[in-house]
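Subject: Structure handover and notes

Hi,

Here is the structure for you to look over. My notes on it follow below.

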Amino acid sequence: MNILVINGPNLNMLGIREPDLYGRVTYAELCRRIEAHAAERGVEVSCYQSNHEGDLVDAIQNAYGRVDGIVINPGAYTHTSVAILDALKAVSIRAVEVHISDVDAREPFRRTSYVRLACERTISGHGIDGYLEAMDHLIGGEKPCGR
Ligand code: DQA
């Protein structure tokens, strides 16, 4: 199985950015944890981050025929981007939406998610672990016994 983890704008600033909301783990450390989790679960993973909406659309389009599942945290584009929603619909790749913070408990505008319409599941407010939970959802299994 091949998973693509996509992060949108300002998520490269993890560790620096509003640590009370997003924690102190850096983007580089997030990628290391995602890669370690993939290795543990026996799947391939790649991490992609961009601050630009069109680049995120390109990354989703490029995943067509190459990737079995997408984990996506579109950052602020969650609440505005029909283009990212349409890209996910266009490729029809299984996708899970992740938010580090609990978006439903914040400003009202963060309760709207366009991307959610193309995702099997939303994981919000679980911090960095949300990415690993999203991977597990795509992998489709519980953790092996005894773990
Ligand atoms: C976020 C929540 C968004 O509202 C915000 O714009 C982000 C990060 C999260 O991970 O909690 O950039 O997606």
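Helix H2 buries Tyr27, Leu30, Cys31, Ile34, His37, Ala38 and Arg41. Buried means under 20% relative accessible area, exposed over 50%, and partly exposed in between (1.4 Å probe, protein chains only). Viewed down the H2 axis, these buried residues fall within an arc of 125°, so they line one face of the helix. That arc is taken over the directions from the helix axis to the C-beta atoms.

A word on the source. This is a predicted model, with local features needing pLDDT of at least 70 and side-chain atom pairs counting only at pLDDT 80 or more, while totals for chains, interfaces and linings use all residues. Residues are numbered from 1 along each chain as its sequence is written, and side-chain values use heavy atoms, with hydrogens and water left out.

Helices (H or I, at least four residues) and strands (E, at least two) are DSSP runs, numbered from the N terminus.

More on H2. It covers residues 27-41, 15 residues in total, and reaches 21 Å from its first C-alpha to its last. That is close to the 21 Å expected at 1.5 Å a residue, where the expected span is 1.5 Å times one less than the number of residues. Cover for the buried residues of H2 includes strand S1 (2-7), strand S2 (44-49) and helix H5 (129-139). Just after H2, Gly42 has a positive phi of about 70°.

Next, the helix pairs. The axes of H2 and H5 come within 10 Å and cross at roughly 30°. Axes are lines fitted to C-alpha atoms, for helices over the stretch in contact, and angles run from 0 to 180 degrees between N-to-C directions. H2 and H5 are therefore roughly parallel (an angle under 35 degrees). On the H2 side, the contact (heavy atoms within 4.5 Å) is made by Leu30, Arg33, Ile34, His37, Ala38 and Arg41. On the H5 side it is Tyr131, Leu132, Met135, Asp136 and Ile139.

Helix H3 (residues 53-62) and H4 pack at about 5°, axes 9 Å apart. H3 and H4 are therefore also roughly parallel to each other. Glu53, Leu56, Val57, Ile60 and Gln61 of H3 meet Ala83, Ile84, Ala87, Leu88 and Val91 of H4.

Which backbone angle does Glu18 show? Its phi is near 30°, positive in a residue other than glycine. Glu18 sits in the loop between S1 and helix H1 (19-22). At 44% relative accessibility, Glu18 is partly exposed.

Ser92 also has a positive phi without being glycine, near 55°. Ser92 lies in the loop between helix H4 (82-91) and strand S4 (94-99). Ser92 is exposed, at 63% relative accessible area.

Best wishes

Definitions and conventions
Parallel < 35°, antiparallel > 145°, perpendicular 65-115°, else oblique.
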